[in-house]
Amino acid sequence: MTATDDRRLKDYPPELERLTASPPEAYRIVRYGPSPEQFGEYWPGGDGAAVVLLHGGYWRERYRLDLMHLLAADLRARGYAVWNVEYRRMDMAGGGWPGTFHDVAAALDAVPGLGGGTVDPARVGLVGHSAGGQLALWAAHRRSGTPPAVAVSLAGVCDLALAARLRLSDGAVAQLLGGGPADRPEVYRLADPMALAPLGVPQLVVHGTADPHVPYELSRRYAAAAGPAAAFLGLPGADHFDVIDPGSAAWARIARELSRLLPARGPASAQRQAVSGTRSPRRGIAPPVTGFDE
C-alpha cells in the first residue's frame, strides 16, 4: 500500500471527521490483547457507572473508534466513565467471524479492571452504533461475567439474516460471517441478534427514519421479536449519524432514555453540563413512533 492509499484509508469525509474531536488528554489507551487493534480508550469519570462504546462501519477497517469521540466526551460530562473499544474488523488479519466477536468479548472482560477497579460491573451499559449495535446486542447475550445493565443499539444492523439477503453495503454481512444464512446457518444462529433474542437484559433499540445506510426496518423487526425487555425508539427525520452526534436533538432524546436505564449518579453539575465547544445546532426530532412515554 502506498502512502497515498494509506492516507485515503484513514481519511473521513468532513461530516464524520468532526465527530472525532476530543479534548486534550481526555483518555488513556488500555490494551486488552496483543494485536495492534485490541485496545480501547478509557475516559475516566463518574462514580462507578460506565458506558462501553462500540463503533460501526459495517465491520470494515476504514472506520475506527475515533468516530465515537464526541459521544464519549458527552457521556463523561453526564457522569459516566467511558470504555471506547477498538476491535479487529473483518478485512484485517484475525477479524471477521469469530475474531471480531472474540475481541468484543475480551474488551468487556477487561471492564472490571478499568480505572483501578473504580468501575462497578453491575452499572455498565453497552452502546453500539450501526455494526457496533449488532455487536452490543450480541455481547449482551453472553453468559460469562456480569450481564450489562442495559444494551443500546443505535441504528444497528440488528437482523443479520435480512441484512445479508438485502446485500447491505456490498454484502458486508456475508463477508463478516463467511457466507449467507443458507451457507452458514449455525454461524448466523450464534451471531445474529434476531436469532439470539430474547437476550435477558433491558435494551433500547434506536433508529432514525431518514437513515440511508441501515434500513429502519431492521431495528423495528428486532425490537418486536426481542420481547418486553426491548424498547423501540423510532426517531422521525433522524439520519444514520444523528444518533451519535451530541449536537443533535436525536442524541438528546437518547441520552435522556439512557439516564433512566443507567443512572449515572455522578456529580449533579457534571450530569447537567454539555460538552463545551462540541455542539452544533441541528434540526429537531419529533417524538418517537413507539417507545417510552414523555
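How many bridges join strand β2 to β4, and do they run parallel or antiparallel? Four bridges join β2, residues 39-43, to β4, and the two strands run antiparallel. Let me state the basis of these values.

This is a predicted model, in which local features need pLDDT of at least 70 and side-chain atom pairs count only at pLDDT 80 or more, while totals for chains, interfaces and linings use all residues. Residues are numbered from 1 along each chain as its sequence is written, and side-chain values use heavy atoms, with hydrogens and water left out. Helices (H or I, at least four residues) and strands (E, at least two) are DSSP runs, numbered from the N terminus. Two strands pair if DSSP finds at least two bridges between them.

I turn to the sheet as a whole. It is an open sheet of eight strands in the order β1-β2-β4-β3-β5-β6-β7-β8, and its pairing is mixed. At the edges are β1 (28-31) and β8 (230-235), each of which pairs on one side only. On average, neighbouring strands are turned by 20° against each other, direction ignored. Here axes are lines fitted to C-alpha atoms, for helices over the stretch in contact, and angles run from 0 to 180 degrees between N-to-C directions.

Next, β2 in detail. Its partner β1 is antiparallel to it, over four bridges, and Arg31 stands opposite Phe39. On the β4 side, Gly40 has Val85 as its bridge partner, and Glu41 has Asn84. Five of the five residues of β2 are buried, that is, under 20% relative accessible area with a 1.4 Å probe, protein chains only (exposed is over 50%, partly exposed in between). Phe39, Glu41 and Trp43 point one way from β2, and Gly40 and Tyr42 the other way.

Strand β3, residues 50-54, also has five of its five residues buried. Ala50, Val52 and Leu54 point one way, with Val51 and Leu53 pointing the other. In general, the side chains of a regular strand alternate between the two faces of the sheet.

Which strands does β3 join? Five bridges join β3 to β4 (residues 81-85), in parallel, with Val52 opposite Trp83. From β3 the chain crosses through helix α3 (residues 69-77) to β4 in a right-handed β-α-β crossover; right-handed means that, with the strands pointing away from the viewer, the path from the first strand over the helix to the second runs clockwise. Five bridges also join β3 to β5 (residues 124-129), again in parallel, and Ala50 has Val124 as its bridge partner there.

Two helices lie across these strands. Helix α3 lies across β2, β3 and β4, at about 35° to β2, where contact means heavy atoms within 4.5 Å. Helix α11 (residues 249-261) lies across β3, β6 (150-154), β7 (203-208) and β8, running at about 165° to β8.

Finally, a helix pair. Helices α4 (residues 99-109) and α5 (residues 131-140) pack at an angle of about 65°, with their axes 10 Å apart. The contact is made by Thr100, Phe101, Val104, Ala105 and Leu108 of α4 and Gln134, Leu135, Trp138 and Ala139 of α5. Thank you for your attention.
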